[in-house]
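Please read the following report alongside the sequence and the model, which are shown first.

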Amino acid sequence: MQNNTITKLIAQALNLSEVSVGNTLALLEEGCTIPFISRYRKERTGALDEVQIAAINDENERLRDIQKRKETIVKTITDLQKMTPELQQRIDLCWDATELEDIYLPYKPRRRTRAQVAREQGLEPLAQLILMQRENSLESVVKRFVAGDVASAADAIKGAQDIIAENISEDERSRQQLRGSYRRTAIITSKVVKSKADTDEAAKYSDYFDWHEPLKRCSSHRLLAMRRGEAEGILRLSIDPVDDQECIDRLQHQWVRSNNMCGRLIAEAAEDSYKRLLKPSIETEFNNISKEQADDEAISVFAENLRQLLLGAPLGQKRVMGIDPGFRTGCKVVCLDAQGNLLHHEAIFPHPPVNRRMQASVHVQQMISQYHIEAIAIGNGTASRETRAFVEETIKDAFKSATVTPSVFVVSEDGASVYSASKVARDEFPDEDVTVRGAVSIGRRLMDPLAELVKIDPKSIGVGQYQHDVDQNKLKHQLDQTVESCVNQVGVNLNTASSHLLQYVSGLGPALAKNIVDYRREHGAFSSRSQLKKVPRLGPAAYQQCAGFLRIPGAKNPLDNSAVHPECYTLVEQMARDQRCSVKDLIDQKELRTRIDIRKYVTADVGLPTLTDIMNELEKPGRDPREQLEEFEFDSRVQTIDDLEEGMILPGIVTNITNFGAFVDIGVHQDGLVHISQMANRRIAHPTDVVKLHQHITVRVLEVDRRRNRISLSMK
């Protein structure tokens with residue numbers, strides 16, 4: 001019964017059919033992964049995509065958490081012998097976490113409050129008498145409560161008011177009323193801590209030294225910036241309703257029903273309850289809610305940036321030279337074969353202060369010729385522009401008569417230093433130092449960004465903002481899900497993939513990925529997908545989940561190099577038999593495929609969505625969904641921020657996307673910002689409507705703030 005309720009709630013929340021949600025939950029319960037469900041179980045889900053399936057999974061986990069909380073609450077109230085049929089029904093029907101806590105609040109074990117002390121002094125009956133508001137004079141009544149720790153009538157009344165104030169603060173209607181005021185009118189205010197105002201670390205928060213705006217209009221990036229300033233002790237934040245007195249008046253109107261002494265005492269207790277209990281509690285609540293919403297937005301942007309980065313255009317299997325540029329320490333150069341294996345490495349010193357330019361040029365020429373280098377990847381850090389100019393000059397001088405010369409690309413080196421010091425890098429290159437490993441990472445990123453970047457913690461890749469300020473568990477969950485989605489969308493070469501890449505394949509994980517690599521090392525390359533069944537501990541369930549996402553180029557069965565799942569091989573073979581040809585002929589000859597009426601192959605398990613996917617895959621087996629790589633060159637007029645002038649038109653590369661705009665590398669070692677208002681001649685909802693990560697764009701310099709090292713750009 002509980003499962004049916006959860007299915008119905010998820011379907012309503014996400015505006016999906018109950019059948020689709022129920023079947024998706026059943027598949028998730030069976031251990032199916034999100035990529036597998038979206039790709040190979042379209043008939044059961046009603047062709048839901050990965051985003052919808054992930055939303056169902058997240059909503060299911062949220063509701064399951066609420067269910068567990070309900071069980072704890074019911075047990076606590078039952079143990080207190082205060083459970084009633086009406087209260088049980090309210091808890092059973094409640095699926096809102098905030099409302100549930102409001103129901104529980106009066107029964108919640110509490111610390112020793114002022115009201116609790118007053119109850120222990122026997123003042124609860126007096127508080128109830130005052131709340132009835134029938135007594136015009138309390139003097140004779142109050143005298144009965146002056147005893148023990150209650151020294152006077154004033155103390156008795158004060159204790160009774162403390163009980164009333166706590167009752168008001170725990171009342172659901174009072175809390176909902178104040179929440180309504182916060183939703184409508186709450187203002188977030190940021191002030192600088194005076195002792196920190198003139199410090200260097202405070203300069204970056206100068207925009208928020210005296211800032212206030214409606215909370216509902218405060219963007220996620222501003223909220224996270226202010227909260228970081230608060231965490232660093234530079235800013236003080238507060239969230240308040242626009243009119244405190246109006247909130248107090250509403251409370252008093254709710255609780256005061258007479259004009260006698262009791263009514264006046266309750267009015268005082270209501271004001272005390274607001275200032276001392278209710279307002280701090282609701283402020284904390286809205287602080288947490290706004291932080292959670294800001295986290296979700298920031299994580300969503302980070303995940304989308306990561307997706308675009310991982311799905312960046314690959315050069316493919318080419319012999320590559322990777323260069324990690326530098327001035328004083330020189331440029332570390334590595335030569336890689338088409339599979340990314342390290343063939344050679346050395347350091348060259350073409351720049352000041354060493355200035356062995358001629359020697360470096362000769363060495364680069366020799367390496368290009370000896371290792372048959374087809375492309376050169378240069379990291380985009382310090383000395384990148386100078387190194388590219390040196391390499392291009394070397395190629396131009398040395399290969400004047402050559403019909404084909406190596407192409408030169410500048411590659412983001414964010415996270416390369418993190419990779420080079422990681423256990424993954426040490427395992428791959430135990431005998432090399434960190435500089436060699438970093439240069440290898442730069443070279444491999446050009447060949448296949450996805451295969452290389454999965455080795456690095458996504459938080460170190462440099463495409464998020466405030467990633468250390470958001471909920472770390474949520475961030476990890478979302479980023480891991482994004483990496484898994486990208487890996488399975490592209491597909492993985494079973495015979496060349498590293499264990500780190502394989503672990504993100506649907507149904508595998510670190511242990512099975514290692515077993516696959518070990519099996520490959522011992523038995524040689526896989527010749528068919530069915531060989532996976534021989535890998536230790538890779539059982540039928542894991543095989544079902546992973547097989548369709550693993551590719552074997554040159555396999556005897558051409559379907560092993562496609563996204564067609566092995567469970568559908570017999571169906572494709574039947575199609576081929578019906579056309580009196582082989583599966584290979586079906587793939588190679590379009591006219592054979594056009595004769596197929598897929599409706600004839602519909603079965604109880606395989607419907608038109610899967611059959612359509614199969615036909616698309618036969619057209620281009622194992623196709624890579626990523627775009628082609630393009631060369632890019634910065635404007636030679638600008639090398640540093642001092643070379644910039646307002647009005648300059650420059651080429652740039654989008655390096656990071658946020659809710660408020662995009663950061664663009666224009667080749668001056670400091671990214672400029674294109675604010676969302678400067679991205680198009682029309683109103684846009686989000687920067688991703690206009691740009692993608694690593695997109696080549698043209699920008700105009702609006703303003704250069706050299707003191708704060710800030711560059712404002714426009715795409716208009």
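## Charged pairs

The side chains of E452 and K455 meet in a salt bridge, with 3.1 Å from N to O, where a salt bridge is a side-chain nitrogen of Lys or Arg within 4 Å of a carboxyl oxygen of Asp or Glu. E452 and K455 are both buried, a word used here for under 20% relative accessible area, while exposed stands for over 50% and partly exposed for what lies in between (1.4 Å probe, protein chains only). This is a predicted model, in which local features need pLDDT of at least 70 and side-chain atom pairs count only at pLDDT 80 or more, whereas totals for chains, interfaces and linings use all residues. Residues are numbered from 1 along each chain as its sequence is written, and side-chain values use heavy atoms, with hydrogens and water left out.

A search of the whole structure finds 49 salt bridges. One of them joins D613 and K42 at 2.6 Å, N to O, and this pair links distant parts of the chain, since D613 belongs to helix α29 (residues 608–619) and K42 to helix α4 (residues 42–45), 571 residues apart. Both of these residues, D613 and K42, are buried. Helices (H or I, at least four residues) and strands (E, at least two) are DSSP runs, numbered from the N terminus.

D480 counts as partly exposed because its relative accessibility is 27%, whereas K476, with a relative accessible area of 53%, is exposed. Elsewhere, R114, K158, D162, D272 and R276 are linked in a network of salt bridges.

## Helix α14

In α14, the buried residues are C247, I248, L251, Q252, Q254 and W255. Seen down the axis of α14, these buried residues fall within an arc of 160°, so they line one face of the helix; the arc is that of the directions from the helix axis to the C-beta atoms. Among the elements that cover them are α9 (124–132), α11 (153–169), α12 (172–185) and α15 (261–310).

## Residue H351

H351 lies in the loop between β6 (342–348) and α16 (357–370), and it counts as buried because its relative accessibility is 2%. Leaving aside neighbours within four places in sequence, H351 is in contact (heavy atoms within 4.5 Å) with residues including G326, F327, C331, R357 and F390.
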